[in-house]
Structure formats: structure tokens, C-alpha cells
Amino acid sequence: MISSPRNVRKICCIGAGYVGGPTCAVIADKNPDIEVTVVDLNEARIRAWNTDDLPVYEPELLKYVKSARDGADGERSPNLFFSTDVDAAVRAADLIFISVNTPTKYTGTGAGHACDLGYVESATRKIAEVSESDKIVIEKSTVPCKTAETIREILAATGRPGVRFEILSNPEFLAEGTAINDLLHPDRILIGSLRSERGFQAAEVLSSVYAAWIPRDRIMTINLWSSELTKIAANALLAQRISSVNALSAICEATGADIDEVAYACGKDTRIGPRMLKASVGFGGSCFKKDILSLAYISDTLHLPEVAAYWRSVVDINEYQKDRFTRRITKCLYHSLTNKRIAILGFAYKKNTGDTRETAAISVVNSLVLEQADIRIYDPRVKEEQIWQDLKATASDITLLKRRVSVCTSAYEACTDSHAAVILTEWDEFSNKDHSTTQGNSPPTATNGTAEDGNLSSRMDWQHVAGLMKKPMFVFDGRNVVDVDKLEALGFRVECIGKSGTP
Ligand code: NAD
């Protein structure tokens, strides 16, 4: 077993996705003496990681990949590799991250949606099968509490005699869209180990990798099971704040209160704080829903049905919010969308990422299509083939979908001859708010992440849009990114989340 941080020479990461790729790019950049190899079974994905057209869009990611992968600044040797040769990379590594997908599966047993550990299991079996020397195996994937026990059992039962494995939990807290910043400046690094001498030693080895750039007081070593549960708990708490503020937004729309003002004023309470209080059409992304369902499933299996129901309500409110938003569009457009053209501005589940997993746009578009609307979709980062793949996988009527939907290459193209523009992603391009000053009557809004001012020169010209759309012109702002007064002055009728709308 690697007992000293100085002995770490090679790291392998199984899974070259949104987590494995960026995390290893930063680890490699900050540890030029360690060879880091990221492996995946998906050949196309690995091919893309070896080009400058990376399979994952994140601000600053390409810079870090090029630095470590290509030795781009000329001052270092390449130490970041992307490969499909899983066996060789695993065999050579001292430390192995498991960073594979852990999607939701439907159990059909009444307990509902559990975490599918199939990918974790096959990665673990591969490690056991090919390892010829001791390894530290690190759970980077988000997994249910006690998964390390399963990994230990598989390794013990299928590994070669004499080869020892130490298992750590090291969940990832990065948020897509700000991944590199989050990796460079994490709130904390969590390392869970067994409370044994070998467990502590392994945790120290991994700590030393992070200590290359992260202050030691931010690296927390805790009990293995606490670490596993903390990741799911943190996601559940973050999603719960969004569902809480979205539930309040429904009350605001019915009463004349303004959710941005309410969230701002609540967030000023230091016990509450301002982050993750932004009302919206609903949260998306691959993690929140699946991790809450996983927590609810665990609760059920522990015979805690009330706890399970509590967490499921967070997901229920999210579904309700998307549905409420879509019904509002239909109501405002005089209860009929038949043959009305609607521009969808944004398809990614949030800005600064091309990720569309669980994006609110999928359910909003599917509902509008069923109302016979003609949909024109524009997103600055999501590729057309991805949009079609997502919609085809979820639509109830593919023929109708193909007839009613088209994908555009600019916001102006999408808005031309449209009755309504529907903002579903908070790309800076769609906002007409002045970010350099406080915003008139509406307070600076609470945020769900790191504030990042957009490039004003690339903003949409809403005056130009006003000349393109059919009258009356509606804007449905599912992210509260527009300055309502300015748009109303241009003749738009504006409906935002948690505000009562243009009279
Ligand atoms: P992803 O789907 O983007 O990537 C996972 C990759 O693993 C895929 O490319 C897949 O081909 C590969 N893979 C699966 N089984 C494999 C095997 N046996 N051998 C080699 N490759 C294999 O997933 P992701 O978004 O990177 O998430 C990975 C894990 O991290 C998940 O558990 C997720 O919940 C967690 N997580 C995700 C985020 C996020 O923002 N995406 C943040 C924190 C934690």
C-alpha cells in the first residue's frame, strides 16, 4: 500500500465525464510530477478530450487541459492523458478515482427510485480483475451511504490474492458552469476513510494530492459513511432551498408580492444567507433530482416513510413549478397555442454549461408541442443533435415533435414572427439588466451560484427583437433575468417567476 504521499506517481480516473475530466485537469495541472490518466469506455468522448473541442463546456477548462495534456506553456512535460485503455491505466495507478455515472433506476418495488450502482460495480470489478499491486480506490461518484462496503466486498471477493485495497470517499462538490473555479477554490475537500491506521494513511496520501493547491484547513478527513452521506445531504439541502423559494413564488404571483424582493430580504438574514434563493422555472441537472430520490429511497428502506415523503416533496414542487410555468404561457396567450410560434431561449439546464440533463426546457417544450405550438429553440452552447436527442427520448408523439420543433442558430432567428419568447436558461446574452449598478426598485437578486457578469457586447438587442415579433409580444422569463420596466417600455408584456406580470 502507498503509505507516503511522496510515493504517488500515477493516478487513474475511471469516467471522463463532467466530473472526471475537469477534476483531473486541475489535479494534473497542480501536480506536475504525477501522471494522471482519465479513462472511459466511450471512445467518442475520449477522442474529443484529446482535441481542443472538448466534450464538456466549462469556462477556463480548455486552458487547464491544454496546460497539462499538451504541456502548452512549454515549461512542463505533459502529465494528463485521456485513453480508452482502462486495464493499462488501472494496472499502473497508485490511486484510482471511480467517477462513473450513478443514474436513477426505477426499482418497481414500491420504494421507488434508487441509485443505479451498476457502473460503479463494473468499474470496481475491473479494478479487482487487473490490479497486480496495492491500490487506493476513491469513490468520486455520488453514491448512497455504505457503498464503500459493497466496493470492499467486490474487491475482496474478486481481487488477486495478496493485493490490498484501501477505499476512500471523496465526493465532488463542483457545480457545472463554475467547475474550474470550484475546483481551484473549493469550500472544502471531504475525504472519508475507515477509522483504522491504513484508512488514515490512505486519507493522508490523497490529502497530499489536494494540498498542492488547497490550504490544509480546507481538507477535512472524516468517517467514510459520513462522507458518503454528506454529498447527498448537501445536494438535497441545496435543492430544498430552490423548491422553498419556488413554492413562495407561487404565493407571490397570486398576491402581488415580488419573489426577488422577498428572497433578497430573507437572504439578508445571516442565518439564511443569499445563495440558492433564486426563483426559477425549476432546477435541472443530473444531480439534484437523482440524489433526492436516492435519499428518499434510502429513507424508505430504513423504514422512515415520513422522511422519504419530506424529501420527495422537494422534487414534487420542482415538477409543479415547471407545469405551472407552462400553464401560465397557455393562459396568457389566450388559452390557445395552436400554430402560435414560440421562441425558446436557452435549452441548457443553467448558463455556462452545455449540459441538458433534466433541464426544465425538455418538459416545457414537450408540453407546448402537445398544445400544437410551433417551437423555435436557440441555445448558444447546446448542439442541435443534443436537443433532438433529449426531445425524442421524452416526447409522447415523435411525428408531432418533428413537425412542430426547429432549432435556430440565433436568438433573433428564433424570435422572428414569434408570439412569445420564453427564457429558460439564464445566459447573459438574454439579459437586459444593468449588472454594474443596483437595479432600481428590484433589489440585487439572490443567486444560485457564483455571479459572473456577462459580456455586454454580446447581449441581445431587445429593441431589435421588438421589431421581429408578432403583436402583442410576450416574454415569459423563467429565470428572472430581464429588466421588466425596460422591456415594457419597448411594448413587451412580461411574465416573470414570482411576480404578478404586466397588467
Ligand atoms: P458523466 O455521465 O458525464 O460521466 C461518467 C462517465 O463514466 C461516462 O463517460 C461513462 O462512459 C463512463 N463510464 C461508466 N462506466 C464506466 C466503466 N466501467 N469504465 C469506464 N468508463 C465508464 O457523469 P458525471 O456528470 O461526470 O458524474 C459522475 C459522478 O459524479 C456521478 O455520480 C454524479 O452524481 C457525480 N457528480 C456530478 C456532478 C455534476 O455536476 N455533473 C457534480 C458532483 C458529483
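Two residues are in contact here if their C-beta atoms, placed from the backbone, lie within 7 Å. The model is predicted.

Valine 209 sits in helix α8, residues 197-210. Is valine 209 buried or exposed? Valine 209 counts as buried because 22 C-beta neighbours lie inside 10 Å, and the cut-off for burial is 20 or more. Valine 8 is 201 residues from valine 209 along the chain, yet their C-alpha atoms are separated by 8.5 Å.

Serine 193 belongs to strand β9, residues 189-193. Serine 193 has 25 C-beta neighbours inside 10 Å, so it counts as buried. Beyond four places in sequence, its contacts include Leu168, Phe200, Thr221 and Leu224. Gly199, Ala202 and Ala203 are also in contact with serine 193. Alanine 89 is 104 residues from serine 193 in sequence, and the two C-alpha atoms are 24 Å apart.

Helix α5 covers residues 118-130. Its 13 residues should span 18 Å at 1.5 Å a residue, and its end C-alpha atoms are 19 Å apart, which agrees. Val120, Ala123, Thr124, Ile127 and Ala128 are the buried residues of α5. Seen down the axis of α5, these buried residues fall within an arc of 140°, so they line one face of the helix. That face packs against β1 (10-14), α4 (86-92), β4 (95-98), β7 (135-139) and α6 (147-158).

Helix α6 has 12 residues. From first C-alpha to last, α6 reaches 17 Å, close to the 16 Å expected at 1.5 Å a residue. The buried residues of α6 are Thr147, Ala148, Ile151 and Leu155. Down the axis of α6 they fall within an arc of 100°, so they line one face of the helix. Glu153, Ala156 and Ala157 are exposed on the face turned away from that buried side. The packing partners of the buried α6 residues are α5, β7, β8 (165-169) and α9 (224-255).

**Helix α14**

Which residues of helix α14 (residues 384-394) are buried? They are Ile387, Asp390 and Leu391. These residues cover an arc of only 90° around the axis, which puts them on the same side of α14. Glu385, Gln389, Lys392 and Ala393 are exposed on the other side. The cover over the buried residues of α14 includes α13 (360-370), β12 (374-378), α15 (398-404) and β13 (405-407).

| α5 | 140° |

**Domains**

The chain is divided into domain 1 (5-229) and domain 2 (258-280 + 333-496). Their C-alpha centres lie 35 Å apart. Where the domains meet, 9 residues of domain 1 are in contact with 9 residues of domain 2. On the domain 1 side, the touching residues divide into 4 nonpolar, 3 polar and 2 charged.

Note on methods: Residues numbered from 1 in each chain as written. Predicted model: local features only at pLDDT ≥ 70, side-chain atom pairs only at ≥ 80, totals over all residues. Helix = DSSP H or I, 4+ residues; strand = E, 2+ residues; numbered from the N terminus. Expected span 1.5 Å × (residues − 1). Buried ≥ 20, exposed ≤ 12 C-beta atoms within 10 Å, placed from the backbone. Arc of directions from axis to C-beta. Domains from an automatic or database assignment. Nonpolar A, V, L, I, M, F, W, Y, C, P; charged D, E, K, R; others polar.
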